[in-house]
Structures are given as structure tokens and as C-alpha cells.
Amino acid sequence: MVVIFLDELKTEQDVLDRLPELENLVIEATCAQRGKRQKIAMAEVQVNMVQKKCAANRWIKCQQEIDRMFNALEMARAETSVNLWQL
């Protein structure tokens with residue numbers, strides 16, 4: 001599991017350097033077979049924190065990538081809730 005500390009993100013380039021790790025975390029969460037809801041929730045927390053840090057500092061380049069990751073997590077969360085009701 002990847003943990004991103006906000007105090008390590010001092011410049012936009014720092015965020016851009018950490019985006020591949022964050023993207024891997026999102027992929028692992030959306031493709032998980034066990035504990036999927038918990039992994040999605042943990043990944044959402046990480047993505048949301050980085051998104052707020054970028055918005056506060058007006059870092060535009062990484063905002064689109066973060067929005068895309070957040071949308072993927074939202075779709076995976078919706079998929080898990082639909083699957084629970086189909087049982």
C-alpha cells in the first residue's frame with residue numbers, strides 16, 4: 001500500500017512524480033477481489049487529499065489526472081454497491 005504524505009508535496013513536480021504510485025493504488029483498489037470496498041475507501045482518501053492539496057496551490061497540470069482517478073474510484077464503488085444488491 002502506498003501512503004502519500006502531504007508535507008512531501010511541496011511543488012507541482014513532486015505531485016507529478018507521485019502520480020504513478022497513486023495510479024497504481026487506484027488500479028489495485030478497483031481490481032481487488034477481497035476487501036474491495038475498504039481498498040477503494042482508502043484509495044479515495046489518498047486521492048482526495050492530493051486533489052485538495054493541488055486545488056489549494058492551484059496546480060493545474062496534475063488536476064486532470066487526479067480527477068480521472070477519482071472518477072474511476074467512484075465507478076468502482078458504484079459497481080460494488082450494485083453487486084451487493086444483485087445477490
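The expected span of a helix is 1.5 Å times one less than its number of residues. In this predicted model, helix α1 has 19 residues and reaches 26 Å from its first C-alpha to its last, close to the 27 Å expected on that basis. The chain contains three helices and zero strands, and its elements run α-α-α from the N terminus on.

**Overall form and confidence**

- The C-alpha atoms of the chain fill a box of roughly 45 × 20 × 15 Å, taken along the principal axes.
- The chain has 87 residues, of which 33% count as buried.
- Among contacts in the chain with a separation of 6 or more, 64% join residues 24 or more positions apart.
- The mean pLDDT of the chain is 89, and 94% of its residues reach 70 or more.
- Among the elements of the chain, α1 has the highest mean pLDDT, 94, while α3 has the lowest, 83.

**Helix α1**

- A kink of about 40° lies in α1 at Leu-19, shortly before the proline Pro-20.

**Helix α2 and Lys-36**

- Helix α2 has 22 residues and reaches 32 Å from its first C-alpha to its last, close to the 32 Å expected at 1.5 Å a residue.
- Its buried residues are Lys-36, Ile-40, Ala-43, Glu-44, Gln-46, Val-47, Val-50, Gln-51 and Cys-54.
- Lys-36 lies in α2, and this lysine counts as buried because its relative accessibility is 16%, whereas the cut-off for buried is under 20%.
- The side chain of Lys-36 reaches the backbone oxygen of Thr-30 at 3.0 Å.
- Leaving out residues up to four places away in sequence, Lys-36 touches Ala-29, Thr-30, Glu-79 and Thr-80.

**The nonpolar core**

- The largest nonpolar core has 20 residues, and those with the most contacts inside it are Val-15, Leu-22, Val-50 and Ile-66.
- The elements that give two or more residues to this core are α1 (12-30), α2 (36-57) and α3 (63-86).
- The largest share of the core, six residues, comes from α1.
- Two of the core residues with the most contacts, Leu-22 and Val-50, also touch each other.
- Apart from its neighbours within four places in sequence, Leu-22 is in contact with Ile-4, Gln-46, Val-47, Val-50 and Met-69.

**The loop between α2 and α3**

- Arg-58 follows α2 and is found in the loop between α2 and α3.
- The phi of Arg-58 is near 60°, a positive value in a residue other than glycine.
- Arg-58 counts as exposed because its relative accessibility is 70%, and the cut-off for exposed is over 50%.

Methods:
Residues numbered from 1 in each chain as written. Predicted model: local features only at pLDDT ≥ 70, side-chain atom pairs only at ≥ 80, totals over all residues. Heavy atoms only, no water. Core = buried A, V, L, I, M, F, W, Y, C linked by side-chain atoms within 4.5 Å. Buried < 20%, exposed > 50% of the residue type's maximum accessible area, 1.4 Å probe, protein only. Helix = DSSP H or I, 4+ residues; strand = E, 2+ residues; numbered from the N terminus. Contact = heavy atoms within 4.5 Å. pLDDT = per-residue confidence, 0-100. Polar contact = N/O pair within 3.5 Å; in protein donor to acceptor, adjacent residues only side chain to side chain. Bend = angle between axes of the 7 residues up to and from the residue.
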